[in-house]
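Thanks for coming, everyone. I'll walk through one structure today, sheet by sheet and then ring by ring. Please keep the view open while I talk.

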Amino acid sequence: MLCRERTHGESRYPYGNGGFNFWVNASGYMHANEGLFHILLPASAGQDPPVAFLAGMRRRASDDFIPFALTPAPYIALGEALVKKRSTIIGHDATYFLTELNGLCSAVRVHVDQACGGAPQVYFAVSIRNESDSVVEMFTSTYIDLLCRHQFAATHEDRWFKTIDTVSHQLKQTPQLPAGATRHTRVLPSFRVTVNEDVSRAQSSAYETFIERCVSGSDTTLRSISSQVCTARNDFTGGLQRSIANATHLRSGTFARPCPSTTFVDNAVVGDLHRFSLRPGDGIRFDCVLCLPDPARALPARRIPNPAPAVTDRSIADARRALDDASHDLRLEFGKSQEPRIHHATFNQFLPYLNKQVSMCAQIKGYLQPSPNSLIGIRDVFQAIEAHLFDQPEVARAKILEALEYVLIDGRCPRQYSLPANGTPGTADMREFIDQGAWVISTLHTYLRTTGDFHLLDEVIGYHCVDTNRPNAIARADETGTVLDHLVRIMKYLERQRDPDTQLVLALYGDWNDALDGLGVSTDAQREFGTGVSVMASLQFYRNTTEMIELLTEASRRDQKSLIERYHRLGDQLRDSLLRFAVVEHAGQRRILHGWGDERSYFVGGFDDCDGRARDALTSNAFWVLSGMLAQQPNLRGDIISALERLDSVYGLKTFEPGFAPDAPGVGRIPKLPLGTAENGATYVHATAFAVMALFRMGEPKRAWDQICKILPIAPHHVNFSHSPFVMPNSYVHNPALGLDGQSMNDWQTGSSNVLQKTLIHDVAGFQPAFRGLRIAPARWCPFDSFTFEGRAHGRQVCIEYRSGSSARRSFRIDGVDRTLVKSQSGCAGDAVWIPYRAIRPDECCTIHVED
């Protein structure tokens, strides 16, 4: 992705895997963490970046230098006058910062190596070339401010327990290159960063990080180099009041006080400076490797004794090869587009970024934001797992087992949890958002029908319980149980949380739409929660009963008969109550409520809401379809389509229409959001994606693709995009009176990515694994003339080759043999073919040709 400078907005990419994220921003800002262990803290806009690559050119007939940055940040006003153009290229393997100046060009490359599952290494390569016709005297300077602590922010006391020194103060000449070689390499002294962190009064941890360095260039260039190191922040900048951008050495070309070692009295940083001369056409390259420890796995830093260009270039070649060779079950590629809003080549380039986004969300270790509230959300991680399991089922399985350990002994799922860190138990968000367990059931159902891995149900794992000695904390319970036991307890918890009058699920603290957190409030001050209901959560629970019935029928476990009968009764009860209470009618029109308040005293999503306004709610309409309730009352189809038409906007379907004014009663914090933002009358893309999936299930592929075109960040109408335009955002705001038009709250960590990916798999490609066979049912209309899909179900590799032709009816050929079609299931569109797993050889790829 080519990223040009922009005044508003930012693009970024997380390198690493398994929960380690090294974020590189197009602006040049970088930060890194693995869960609570923050290696480099993110900087706010305009602050000093924790990693900076600086340079300066000597003025003619002068002793001082004109400084400039080799990345967009920090901004050095004096040097920007020399810059002709800056560009950032973000790829899956590395990010490149390119700078063109009068007579010079430079490139900074950043990539991450987590080879062989070892501790991560971050590679920086800085290249500068003299394209002028005269000798240039200049310098480069590197600055790295490491934290390496289990905390969210730097404190004054951190300097007392951090030491940085240089391992060697003598430059060493590396072995001579073969005869005829024109470039030479010198290994520079390494920096050693030691951070001590107390775990308790009796235990302390020490983390060692090494920064390995070398310089390469012509013999003439290397002979001209003089180098300094500075490990104290105030000596690097020239004073407490100075920033990196106006550090004194940037004008003088020398540190006034070089210091090879710093501890206690100043913030210890990695700082160096190299002065040299470049002849016309000559270049120089500096390589720097950040060798990090891995406290979570007690792994020391992997040192690189000689970070020469050949070594670092081999590392990025290995990283690219690892990307190519990584175990992936999922592949989707589209042919020529008939839709002007989506070019097929651009869309195909977007899909790997979408897959990376889902992967990151599914492997999250928390604290993507440096905040104590940035934990691992149960609903968030399980939705991401449900998409990621199609690509990397083993990774998904491991995360399922991790997350299920945090189910409480009564079957309640915390809203968020965190992993133990540095010997300290994690914290939790214990607010009773009712929907958490529903996502767990759906994800396990999808995992089992896709993989056939029923052994997962017999895995014995722990539970947690509320820790009464610590606020917002849970502790490991003495009890253990199988995964199936956990699912049954979750179902029992949800069954208990129902309104006795309507038998539907109580809202409690809130549902998926957590900004709408007022429905569960009680009018009785003596009660924590009232009898307000979430229709969306009730629809999810209704779907859960069907999922558990199917799961238990196939699992062949003891006591399954009584549980199946119980879930049949529960499903019937929920169905009848939803039909009776969740649909309201006025003047011949019907609407599906999002929910209601205590004692059914007011509605949300009806004809006369809490604020007296008629309102449509998106997710209750979407989940009426996704839960299977539309099959119970098919004549609601037209009402749902009408609601979606009223909810539509330039950026896609809104979560509510109209939104809530600031004085709207009974709905919680949602009216405090400006109208036209987030969930309040705007396109909250996660919710829009639910509706897209529902439209496909209703046999409305053209309407569904119209919405996809609106929410894709690569669509041409997104001219005010405020985040990375190559991954899914969480929302699009729209309120011109407030100057809001298409900006977004956030990117990367959002559920819109996993819902879109699941939709492309299940509904567009029509890859629909069941417990005993595979249903192939691509959508009846597609804006592309063809696509190729590859996936795996029950260990069988499957390839779907779709072509849109001029046939009067759809045809299937499986491994070259025509197959008879099966009619669509109720509520789904398009003819399909059913393939029992026993008919697919595990050691061969089954190719299915579909032509319309």
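**Sheets, helices and rings**

Before going on, a word on the model. It is a predicted one, where local features need pLDDT of at least 70 and side-chain atom pairs count only at pLDDT 80 or more, while totals for chains, interfaces and linings use all residues. Residues are numbered from 1 along each chain as its sequence is written, and side-chain values use heavy atoms, with hydrogens and water left out.

Some terms. Helices (H or I, at least four residues) and strands (E, at least two) are DSSP runs, numbered from the N terminus. Two strands pair if DSSP finds at least two bridges between them.

Contact here means heavy atoms within 4.5 Å. Axes are lines fitted to C-alpha atoms, for helices over the stretch in contact, and angles run from 0 to 180 degrees between N-to-C directions.

β43 (residues 811-814) meets β44 antiparallel, over three bridges. There, I814 has V817 as its bridge partner.

Now look at strand β20 (residues 270-278). Is it mostly covered or mostly open? Mostly covered: seven of its nine residues are buried. Buried means under 20% relative accessible area, exposed over 50%, partly exposed in between, with a 1.4 Å probe and protein chains only. β20 pairs antiparallel with β12 (residues 136-144) over nine bridges. β18 (residues 226-229) also runs antiparallel to β20, joined by four bridges. Find H274 in β20. T140 stands opposite H274, and S227 stands opposite H274 too.

On to two helices. The axes of α13 (residues 618-626) and α15 (residues 685-697) come within 8 Å and cross at roughly 35 degrees. Among the residues that meet are L618, F623 and L626 in α13, and F690, M693 and R697 in α15. By class, that contact has 10 nonpolar, two polar and one charged residues. Ala, Val, Leu, Ile, Met, Phe, Trp, Tyr, Cys and Pro count as nonpolar, Asp, Glu, Lys and Arg as charged, and the others, Gly among them, as polar.

Last, the rings. Rings of Phe, Tyr and Trp (its six-membered ring) pair if their centres lie within 6.5 Å; planes under 30 degrees apart count as stacked, over 60 as edge-to-face and the rest as tilted. The count comes to 39 aromatic pairs. Take W23 and W748: centres 5.9 Å apart, planes at 80 degrees, so edge-to-face. W23 lies in β3 (residues 20-25) and W748 in the loop between β38 (740-741) and α17 (752-764), so the pair ties together parts 725 residues apart in sequence. Both W23 and W748 are buried.

Compare Y406 and Y417. Their centres are 4.2 Å apart and their planes at 20 degrees, so that pair is stacked. Y406 and Y417 are both buried. Finally, one aromatic cluster includes F334, F696, W705 and Y802.
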